[in-house]
Structure formats: structure tokens, C-alpha cells
Amino acid sequence: MMLTAALLLLGALTAVAAPRLLARADWPDREPVVALWVWQCVVAAVLVCCALSMTLSAAAAWHAVGGHVFATAPTGVVEAYALGTAGPWAATTAVALACGGLWSGAMLVREIGRARARRLRRRADLLVRAPLLPGEVAVSGRLVVLESEQPDAWWQPGTPPQLVVTTAALRRLKGRQLDAVLAHEQGHARARHDWLLNCSSALAGGFPQVPVFAAFRDEMHRLVELAADDTASRRFGRLTTALALVELNEHRGVFGPCPTPHAHVPARVHRLLTPPDRLSPSRRLRLTAAAALVPVVPVLVAFVPGLRALG
């Protein structure tokens with residue numbers, strides 16, 4: 001079917017063109033929340049293209065599937081999709097795409113399982129290193145002070161979620177810097193960035209040869225930090241947040257010439273110290289609305305034959 005091929009081509013074009021366009025744009029660093037939404041819409045569009053292609057191929061290959069998909073459709077609509085003229089490749093395409101969908105689901109389940117196992121290990125280690133006092137009950141948002149010589153702070157997801165800060169961080173962070181760090185971590189928690197990171201890691205791990213999924217994972221890790229930085233800077237100021245980042249990461253050598261796993265920190269500090277040049281509210285709204293329409297395009301393409309038949 002030409003429609004199935006058109007949907008697959010549309011998905012491929014979206015997967016190739018969208019990351020390149022986003023990489024060339026300068027607004028994602030200024031508007032990380034909008035950029036997160038745009039990336040999710042791009043990946044959703046690619047997945048919708050594959051799902052619709054699988055559905056139409058299966059409907060063309062097997063009458064039982066087609067009967068369920070077009071159960072309430074008029075005869076003219078069914079004829080418009082030319083299901084009876086599909087070649088033997090329809091079944092192959094449907095099976096391949098179905099296997100891809102099952103593999104994606106399996107990778108997501110695996111990533112969620114791994115994330116849960118990591119949380120349980122960290123929570124058990126946290127209870128050993130910072131045990132509850134007699135009669136104390138763990139509550140959501142509880143601040144846990146951990147004895148350590150390394151300044152650090154992080155949000156521990158789970159039930160209940162907890163905010164962890166080390167004693168070294170308490171000694172190094174001055175005044176409102178600690179409040180900025182805590183606001184940063186709370187920004188991650190309120191936006192549920194852990195779920196976004198798990199989903200992007202699952203797609204990238206399941207399909208390592210697909211560049212759009214690897215770019216999606218990398219950008220999610222970078223943009224969620226920028227979004228949390230903005231959450232903290234709105235409450236406590238950009239300079240305070242930048243100084244807190246420096247205090248927390250200086251010992252890691254991130255500001256030296258050698259690259260480290262935290263090499264993005266200098267760019268985050270520079271961004272906070274640069275006067276903001278935000279998008280206008282109207283342009284931000286237009287970008288958000290345009291991104292929301294991206295996954296709708298393959299749906300409209302899939303419905304074109306049916307709409308023509310009804311017209």
C-alpha cells in the first residue's frame with residue numbers, strides 16, 4: 001500500500017530532519033521546557049507513524065484484522081484503502097513493525113525495572129548511612145542529611161520521595177545557595193523528569209542504531225538540568241544558582257581542560273551568568289502549538305483516503 005510507505009517515509013523524514021533543525025536552533029537553551037515538549041512531540045510523531053503503518057499493513061494482510069479496524073466504516077471507505085490489492089510485503093511489514101513495538105515495550109519495562117532496582121539499592125544504602133530515628137516515619141519531601149566529604153545533593157524518587165544533601169554541601173553552600181540547590185532538585189521531582197529519562201533511555205537502548213532516539217536521550221539529560229536550573233533561578237536568582245553549581249562541582253574538575261562526565265556544568269554556569277534573552281510569550285505559544293501538531297500529521301495522512309471517500 002502506498003499509504004503505508006508514505007507513513008514510513010514521513011516517520012523517517014521526521015526522525016532525520018527534526019533533530020538537525022533543533023540542533024541548529026539557539027532557542028532550546030533559552031526555553032528548555034518548550035524544547036522538552038518539542039522533542040517529545042517529535043519522537044511521538046515517529047512512533048505514531050510506525051504504529052499506523054503497522055495497523056494498515058496488518059489490515060491489508062489479514063482480513064480478520066481489517067474487519068476489526070474498519071468494523072464501523074462504510075464500504076466506500078474500506079475500498080478507498082485498497083486493502084485487497086496489497087502485496088505479500090504487507091504481512092512482512094506488519095510483523096516487522098509489530099516486533100519493533102514489542103521490543104520497545106520490552107525495553108521500557110526493562111528500563112523501569114532497572115530504575116526501580118537502582119532506587120531500592122540507593123534507598124537501602126541511604127537507610128544504612130542515615131537511619132531513621134526511633135519513632136520517626138519517612139515522609140514525602142523529607143530532607144535527609146548524609147555524612148560525606150563530597151558536596152552533593154540529589155532527589156531520591158520512590159515512595160516516599162526524599163531530598164538528600166551531604167554534610168560537605170551544607171558546609172560549602174552559603175546563604176541562599178543551599179535553597180537554590182534544593183529548589184533545583186525539587187524542580188526535577190515536580191516535573192517527574194525521572195520518567196522522561198527512563199523512557200528516552202529505553203528507546204536509545206532498544207534501538208542503538210536509530211540516531212533520533214540517541215539524540216532524544218542525550219537532549220533529555222541536558223534539558224532537564226536546564227529546566228531545573230531555571231526553576232531555582234526564578235526563586236533565588238541566576239547568580240546564586242550559578243555559584244551553587246560551582247560550589248557543588250568544583251571538586252570534580254569539571255572546569256579544567258580534561259572532559260569529565262559532568263562536562264555540561266560549565267555551559268550551565270555560563271548560561272546562568274549570561275543575561276537572559278527569552279522568547280516572547282506569543283512565540284513560545286506558537287512553538288508549543290506547532291510541536292503539538294507534529295504527531296497529528298501522520299494521523300491526518302492515515303485518514304486522507306477515508307475522508308476523500310466520505311467527501
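Among contacts (heavy atoms within 4.5 Å) in the chain between residues at least 6 apart in sequence, 66% join residues at least 24 apart. This is a predicted model, where local features need pLDDT of at least 70, side-chain atom pairs count only at pLDDT 80 or more, and totals for chains, interfaces and linings use all residues. Residues are numbered from 1 along each chain as its sequence is written, and side-chain values use heavy atoms, without hydrogens and water.

The chain has 311 residues, and 40% of them count as buried, meaning under 20% relative accessible area with a 1.4 Å probe, protein chains only. Its C-alpha atoms fill a box of roughly 75 × 45 × 35 Å along the principal axes.

The chain holds 14 helices and 3 strands. These are DSSP runs, numbered from the N terminus: helices are H or I with at least four residues, strands E with at least two.

The strands form an open sheet in the order β1-β3-β2, with mixed pairing. Two strands pair if DSSP finds at least two bridges between them. β1 and β2 stand at the edges with a single partner strand each, so one side of each has no neighbour in the sheet. The twist averages 25° from one strand to the next.

| Element | Residues |
|---|---|
| Strand β1 | 142–146 |
| Strand β2 | 153–156 |
| Strand β3 | 162–166 |
| Helix α8 | 176–191 |

β1 and β3 pair in the parallel sense over 5 bridges. R142 has Q162 in β3 as its bridge partner. Helix α8 lies across β1, β2 and β3. It runs at about 30° to β2, with axes fitted to C-alpha atoms, for helices over the stretch in contact, and angles from 0 to 180 degrees between N-to-C directions.

Technical notes
Buried < 20%, exposed > 50% of the residue type's maximum accessible area, 1.4 Å probe, protein only.
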